[in-house]
Amino acid sequence: MAEERVCWFAARTRKGHELSVRDRLRELGEEHFIPTKQILRIRGSRRKEVEVPLIPNLIFIRATKSHACELANSGQLPIFYIIDRNTHTLLQVPQKQMEDFMLVLDLSPDSLCLSEIPLAQGGLVQVVKGEFAGVEGELLSMPTRTYVVVQIGGGLLAAKVRIPKSYLVALP
């Protein structure tokens, strides 16, 4: 029997359960990614900084397919995996896409736009300068701005970040 390969899977959880699922994954020693940011909440005269997910109900888990299914089916985690519409199996996110997505979200969480609507197709580009050097994505040009869009799962999610055109090279 062929050995299963480890890859990233996109999963959904119930609203407000993202951080508890993350904590449980940490306890289990599972590799995962959930983009978060710190926000200031004000209630009356009390100010408190809290961590909130950037993408509601979404978490990424790196595992083999059988282990990922075991995590969900054993009742250890209240998650369900997103199904790829083309293959009718669990949506797998390639390692390079996941690395680029994590880099963009980690370095610039406030300057990006998350969308569940696939963005217009553009030319493939790679960032060659600056803090996003190495990130690959699609070019999205507005009248006065240039963005690089990193998509996951064929448009399931997309993050865009503003990049000067001089920092980009076209990919074949």
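**Entry 1**

I started with Arg5, which counts as exposed because its relative accessibility is 58%. For my own bookkeeping, buried means under 20% relative accessible area, exposed means over 50%, and partly exposed lies in between (1.4 Å probe, protein chains only). The areas themselves come from the Shrake-Rupley method with a 1.4 Å probe, and for residues only the protein chains shown count as cover.

A note on the source: this is a predicted model, in which local features need pLDDT of at least 70 and side-chain atom pairs count only at pLDDT 80 or more, while totals for chains, interfaces and linings use all residues. Residues are numbered from 1 along each chain as its sequence is written, and side-chain values use heavy atoms, with hydrogens and water left out.

Back to Arg5, which I found in the segment before strand E1 (7-13). Helices (H or I, at least four residues) and strands (E, at least two) are DSSP runs, numbered from the N terminus.

Which residues does Arg5 contact, leaving aside neighbours within four places in sequence? I listed Ala63, Thr64, Lys65 and Gln92, with contact meaning heavy atoms within 4.5 Å. I also looked up the C-alpha atoms of Arg5 and Lys65: they are separated by 7.8 Å, although the two residues are 60 apart along the chain.

Next I turned to Thr64, in the loop between E5 and helix H2 (65-73). Is Thr64 buried or exposed? Thr64 is buried, because its relative accessible area is 18%. Setting aside neighbours within four places in sequence, I found Thr64 in contact with Glu4, Arg5, Val6 and Phe9.

I then went through the charged pairs. A salt bridge here is a side-chain nitrogen of Lys or Arg within 4 Å of a carboxyl oxygen of Asp or Glu. How many salt bridges does this rule give? The count comes to 6.

I took Arg22 and Asp23 to begin with; their side chains form a salt bridge at 3.4 Å, N to O. Arg22 counts as buried because its relative accessibility is 8%, whereas Asp23, at 34%, is partly exposed.

Asp23 also meets Arg26 in a salt bridge, at 4.0 Å from N to O. I placed both Asp23 and Arg26 in helix H1 (residues 18-28), where they sit 3 residues apart, about one turn of the helix. Arg26 is exposed, with a relative accessible area of 52%.

My next pair was Glu27 and Arg24, with a salt bridge of 3.0 Å, N to O. Glu27 and Arg24 are both in helix H1 too, 3 residues apart, about one turn of the helix. Glu27 is exposed at 61% relative accessible area, while Arg24 is partly exposed at 30%.

**Entry 1: a positive patch**

Which strands supply at least two residues each of the positive patch? They are strand E3 (36-43) and strand E4 (46-53). I checked Arg43 in particular: its place is in strand E3, and it counts as exposed because its relative accessibility is 65%.

Most residues other than glycine have a negative phi. I therefore wrote down Asn57, whose phi is near 70 degrees and which counts as partly exposed, being at 22% relative accessibility. Asn57 is found in the loop between E4 and strand E5 (58-63).

His88 has a positive phi as well, near 60 degrees. I located His88 in the loop between strand E6 (79-81) and strand E7 (92-93), and His88 is exposed because its relative accessible area is 65%.

**Entry 2: the whole chain**

To finish, I looked up the totals. The protein chain has 3 helices and 12 strands, and buried residues make up 40% of its 172 residues. The chain exposes about 10100 Å², of which carbon and sulfur atoms supply 51%. Among contacts between residues at least 6 apart in sequence, 62% join residues at least 24 apart.
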